[in-house]
Amino acid sequence: MTAADARSDLVLHVNGTPYPLTLDHRTTLLDVLREHLGLTGAKKGCDHGQCGACTVLVDGRRANSCLLPAVAQEGRRITTVEGLADGERLHPLQEAFLERDALQCGYCTPGQICSAVGVLAEAADGFPSYVTPYTAASGAPVELTPDEIRERMSGNLCRCGAYPHIVEAVGDGWAGPEGRADRDARSGRVAGGGAV
Ligand code: FES
Ligand code: FES
């Protein structure tokens with residue numbers, strides 16, 4: 001096989017837009033997003049499936065884009081952090097990350113937010129995690145307690161250690177604005193401020 005044989009023409013659907021591409025079969029989805037399409041939200045942290053910085057959604061499920069051959073993603077619906085907002089309106093999880101100050105340098109944040117979007121869908125669809133009680137009804141929506149969030153987000157590393165606020169932000173995304181007020185009251189936290 002020559003090098004030219006190792007390329008294919010395909011169309012990738014990213015954030016609702018079809019992109020015709022000719023790609024070397026070895027190209028990862030992460031490199032296509034960043035180097036071919038200019039979508040630099042997904043970050044290259046380890047390039048080995050270890051850190052979660054490159055997390056995107058593929059057909060609504062989270063995935064490490066550094067591990068996915070791009071040519072195998074034809075026909076899939078790929079969503080990056082750039083595709084989460086609705087026009088000028090941020091996704092509720094993006095709002096929650098801002099309100100909870102759930103980032104420091106921000107390098108891991110796009111992956112954290114995409115992963116959190118996937119977590120909310122998995123919990124709503126009744127996917128159990130390692131810490132889900134074995135007595136939970138099979139297939140029923142799972143309550144995202146802080147332990148559930150920590151377990152389910154454990155594939156997304158943050159070198160700045162913003163984990164406590166990330167857990168709160170994901171919890172807000174799950175509970176919604178009213179649930180957030182309840183959670184603040186229960187934890188003794190002042191709305192918009194730190195724990196008291
Ligand atoms: S860059 Fe993909 S998991 Fe680290
Ligand atoms: S905010 Fe800096 S790595 Fe997470």
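**Briefing: the core and its parts**

Ile-166 touches Ala-102, Gln-112, Met-153 and Cys-158, leaving aside residues up to four places away in sequence. The model is predicted. Ile-166 also belongs to the largest nonpolar core, where Ile-166 and Val-170 touch the most other members out of 44 residues.

**The largest nonpolar core**

- At least two residues of this core come from each of strand 1, helix 1, strand 3 (55–58), helix 2 (92–99), helix 3 (109–124) and helix 5 (163–187).
- The biggest share is that of helix 3, which gives 6 residues to this core.
- Domain 1 (3–83) and domain 2 (92–187) each contribute at least three residues to this core.
- In soluble globular proteins, nonpolar side chains tend to be buried together.

**Helix 1 and its surroundings**

- Helix 1 covers residues 29–36, and its buried residues are Leu-29, Leu-30, Val-32 and Leu-33.
- These buried residues pack against two strands: strand 1 (7–14) and strand 2 (17–24).

**The chain as a whole**

- The protein chain has 5 helices and 5 strands.
- Read from the N terminus, the order of these elements is β-β-α-β-β-β-α-α-α-α.
- The protein chain contains 196 residues, and 36% of them count as buried.
- Taking contacts in the protein chain between residues at least 6 apart in sequence, 52% link residues that are at least 24 apart.

Definitions and conventions: Residues are numbered from 1 along each chain as its sequence is written. Chains are lettered from A and ligands numbered from 1 in the order in which they are written. This is a predicted model: local features need pLDDT of at least 70, side-chain atom pairs count only at pLDDT 80 or more; totals for chains, interfaces and linings use all residues. Helices (H or I, at least four residues) and strands (E, at least two) are DSSP runs, numbered from the N terminus. A residue is buried if 20 or more other C-beta atoms lie within 10 Å of its own, exposed if 12 or fewer, and partly exposed in between; C-beta atoms are placed from the backbone. Two residues are in contact if their C-beta atoms, placed from the backbone, lie within 7 Å. A nonpolar core is a set of buried Ala, Val, Leu, Ile, Met, Phe, Trp, Tyr and Cys residues joined through C-beta atoms within 7 Å. Domain bounds come from an automatic or database domain assignment.
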